[in-house]
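Here are a few exercises to work through with the structure open beside you. Take them one at a time and try each before reading its solution.

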Amino acid sequence: MTEDGETQAEVAFAHPSEAAFARILDFYQVAWEYEPRTFELRWDDEGNVSEAFSPDFYLPEQDLYIELTTMEQRLITKKHRKLRRLRELYPEVNIKLLNRSDFKQMMFKYGLDEGDSLIGQ
Amino acid sequence: MDSIVSSSWPGDIGPIFLTEEQIQRRVAELGAQISQDYAGQDLVVVGVLKGVLFFMADLLRAMAIPVAVDFLAIARYGPTDETHGVVRLTKDLNETVAGRHVLFVEDIIDTGLTTNFIMRALRLHEPLSLKACAFLNRTRRRLIDIDLAYVGFDIPDFYVVGYGLDYRERYRNLPYLVVFDPDQAAEG
């Protein structure tokens, strides 16, 4: 549940895997926020933001951002680059990337066979 | 009594990750350490059913101090409507732990979600102290930091079964720990 009292059913998630992840957090009564902050990563010559990154989840009690990606490993180079940049610019920010394999393992752990359908092939 | 031999198990389990000997050696070390740390104290050892069963039985017998034993059970997250909703205890403590030292014992800590919930529930009982012990500690997907006083083994990022750990309730009774591929099992 978000700090505003929203449940996962009331948040418009970009991907069904995010809704599944939020359901697990709700089940274990872990407070979360969905894309609460956008980090500016690069700027053009005029100072306009040319690249930014909004991690999917923030767990306020853990002060931890979580980026959930279900893309295949070979396709997440850009995301890794953004995470590296974020860590350079905001070293005080704790962020964790849960990749496709992590997500599938979590689904197995919680006995959910919907892992593949949530990820997409 | 002879050990169960690996050839009697289905072929879908992988190589042995920890042998019985490796497990028992480490459990004995943990038992000795805990006995030393809690010597003369009133200790209640609490496990959460049911993966911890084998580890807890061995750990308790490796302790050289008198302890009380209790178990919790929780409804874990699962695929059905009944297992969605909110986590809850399906079995609470029988022992009174207020004012006593409590050691919470887990089979494996992965995300930390379950352990975090149980530690919060145990704190509500107002123990004199509360520490955690895990047979296996897998940190790759850790979401909630857990302060572990005792760890059997830190393990890398792969799925293991045996010695209490299951895949869909199977393989708990393997006396050692093996690597397991859930993808392959799901296909088969």
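**Exercise 1.** Find the strand order of the open three-stranded sheet in chain B, and work out which strands stand at its edges.

Step 1: The order reads 1-9-8, and the pairing is antiparallel. Strands here are DSSP runs of E, at least two residues long, and helices are runs of H or I of at least four, both numbered from the N terminus; two strands pair if DSSP finds at least two bridges between them.

Step 2: Strand 1 (13–18) and strand 8 (160–161) of chain B each have a single partner strand, so they are the edges, with one side lacking a neighbour in the sheet.

Step 3: Strand 1 and strand 9 (residues 177–180) of chain B share three bridges, and Ile13(B) has Phe180(B) as its bridge partner in strand 9.

A quick note on the model: it's predicted, so local features need pLDDT of at least 70 and side-chain atom pairs 80 or more, while totals for chains, interfaces and linings use all residues. Residues count from 1 along each chain as its sequence is written, with chains lettered from A and ligands numbered from 1 in written order.

**Exercise 2.** Work out which helix of chain A gives the most to the side touching chain B.

Step 1: 19 residues of chain A are in contact (C-beta atoms, placed from the backbone, within 7 Å) with 18 of chain B.

Step 2: Helix 1 (16–27) and helix 3 (100–109) of chain A each supply at least two residues to that side of chain A.

**Exercise 3.** Locate Gln62(A) and list its contacts beyond four places in sequence.

Step 1: Look in the loop between strand 4 (57–59) and strand 5 (64–68) of chain A.

Step 2: Gln62(A) touches Leu143(B), Ile144(B) and Asp145(B).

Key
Contact = placed C-beta atoms within 7 Å.
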